[in-house]
Amino acid sequence: MAVFICPQCAHREASSERTEGHQPRGCEKCGSGFVFEIMDDYYAGPLTALIACDAKRRVLTAGHASVPVTGWPEGDMIGRDVVEALSLRFPGAKDDPVDRVMEWGVRAQGEECTFRPQGLSEDRHAVIDLFPAYDDDGGLLLAITPVTKG
Ligand SMILES: [Zn+2]
């Protein structure tokens with residue numbers, strides 16, 4: 001059963017049989033017009049930044065918790081390459097999880113990464129979950145949760 005998650009408020013809505021195959025028009029909680037389809041339920045914590053991107057990794061929506069986590073006002077993120085904007089790095093990964101998710105269309109879970117919040121001079125450690133988009137437009141949803149190391 002598909003689940004739709006709202007990148008703005010992280011509200012999840014399971015698609016019932018009645019609505020199978022029909023994307024909800026928007027978020028029933030906050031009214032945002034854009035929801036992202038994922039295959040398995042996912043709970044975004046209070047400090048999990050949700051960022052939706054198009055097929056060229058450009059930010060469409062920097063929503064839930066993304067301002068406190070990334071330091072970027074949403075308007076400054078829109079249209080930018082998300083990997084460049086956040087200086088996303090995957091030090092321990094054998095490949096680039098962003099490319100992998102977009103190429104293979106499978107979810108990546110709990111990847112360790114670092115990113116550089118706007119206005120800070122040091123990278124932060126985080127755990128990132130990546131979800132491919134299933135509609136024809138492609139793209140992906142990033143869920144970035146900062147972690148404190150050491
Ligand atoms: Zn919402």
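Which residues line the largest cavity? They are Ile38, Met39, Asp40, Arg107, Phe131, Pro132 and Tyr134. The model is predicted. A zinc ion is held by four cysteines, Cys6, Cys9, Cys27 and Cys30. Strand β8 (residues 140-146) is largely enclosed by the rest of the structure, because six of its seven residues are buried. The points below take the zinc site, the strands, the cavity and pocket, and then some loop residues.

**Zinc site**

- Each protein donor of the zinc ion is an SG atom, supplied by Cys6, Cys9, Cys27 and Cys30.
- These donors lie 2.2 to 2.3 Å from the zinc ion.
- The angles subtended by the four donor atoms run from 104 to 113 degrees, so the arrangement is tetrahedral. The tetrahedral class asks for all angles between 85 and 135 degrees.
- Along the sequence, the donor residues follow the spacing C-x2-C-x17-C-x2-C.
- Cys6 has a relative accessible area of 0%, so Cys6 is buried. The cut-off for buried is under 20%.
- Cys27 also falls in the buried class, because its relative accessibility is 8%.
- Cys27 sits in the loop between β2 (12-14) and β3 (36-38).

**Strand pairing around β8**

- Strand β4 (residues 49-53) runs antiparallel to β8, and five bridges join them.
- Within that pairing, Ala52 has Leu141 of β8 as its bridge partner.
- Strand β7 (residues 124-132) is also antiparallel to β8, with seven bridges.
- Leu130 faces Leu142 of β8 as its opposite residue.
- Pro132 stands opposite Leu140 in β8.
- Strand β7 pairs with β6 (residues 108-115) as well, in the antiparallel sense and over six bridges.
- Ala108 has Leu130 of β7 as its bridge partner.

- The largest cavity has a volume of about 40 Å³.
- Its lining has five nonpolar residues, two charged residues and no polar ones.
- Among the lining residues are Asp40 and Arg107.
- Pro132 also belongs to the lining of the largest cavity, and Pro132 stands opposite Leu140 in β8.

- The largest pocket holds about 160 Å³ of space.
- The lining of this pocket counts 16 residues, and those closest to its centre are Phe34, Phe36, Ala133, Asp135 and Gly138.
- By class, nine of the lining residues of the largest pocket are nonpolar, three are polar and four are charged.

**Loop residues with positive phi**

- Ala65 has a phi near 60 degrees, a positive value in a residue other than glycine.
- Ala65 is placed in the loop between β5 (59-62) and α1 (66-70).
- Is Ala65 buried or exposed? Ala65 is buried, because its relative accessible area is 13%.
- Ser87 also has a positive phi, near 50 degrees, and is not a glycine.
- The loop that holds Ser87 runs between α3 (82-85) and α4 (97-104).
- Ser87 counts as partly exposed, because its relative accessibility is 23%.

**An exposed loop residue**

- Tyr43 lies in the loop between β3 and β4.
- At 60% relative accessibility, Tyr43 is classed as exposed. The cut-off for exposed is over 50%.
- The C-alpha atoms of Tyr43 and Ala10 are 7.8 Å apart, although the two residues are 33 residues apart along the chain.

Terms used
Residues numbered from 1 in each chain as written. Predicted model: local features only at pLDDT ≥ 70, side-chain atom pairs only at ≥ 80, totals over all residues. Heavy atoms only, no water. Donors = N, O, S within 2.8 Å, 3.2 Å for Na, K, Ca; no water. Tetrahedral: all angles 85-135°; square planar, octahedral: opposite > 155°, others 65-115°. Buried < 20%, exposed > 50% of the residue type's maximum accessible area, 1.4 Å probe, protein only. 1 Å grid on protein atoms, 1.4 Å probe; cavity = no way out; pocket = protein on both sides within 12 Å on 5 of 7 lines; lining within 4 Å. Points joined across faces, edges and corners; volume = space filled by probe spheres on them. Nonpolar A, V, L, I, M, F, W, Y, C, P; charged D, E, K, R; others polar. Helix = DSSP H or I, 4+ residues; strand = E, 2+ residues; numbered from the N terminus. Pairing = 2+ DSSP bridges.
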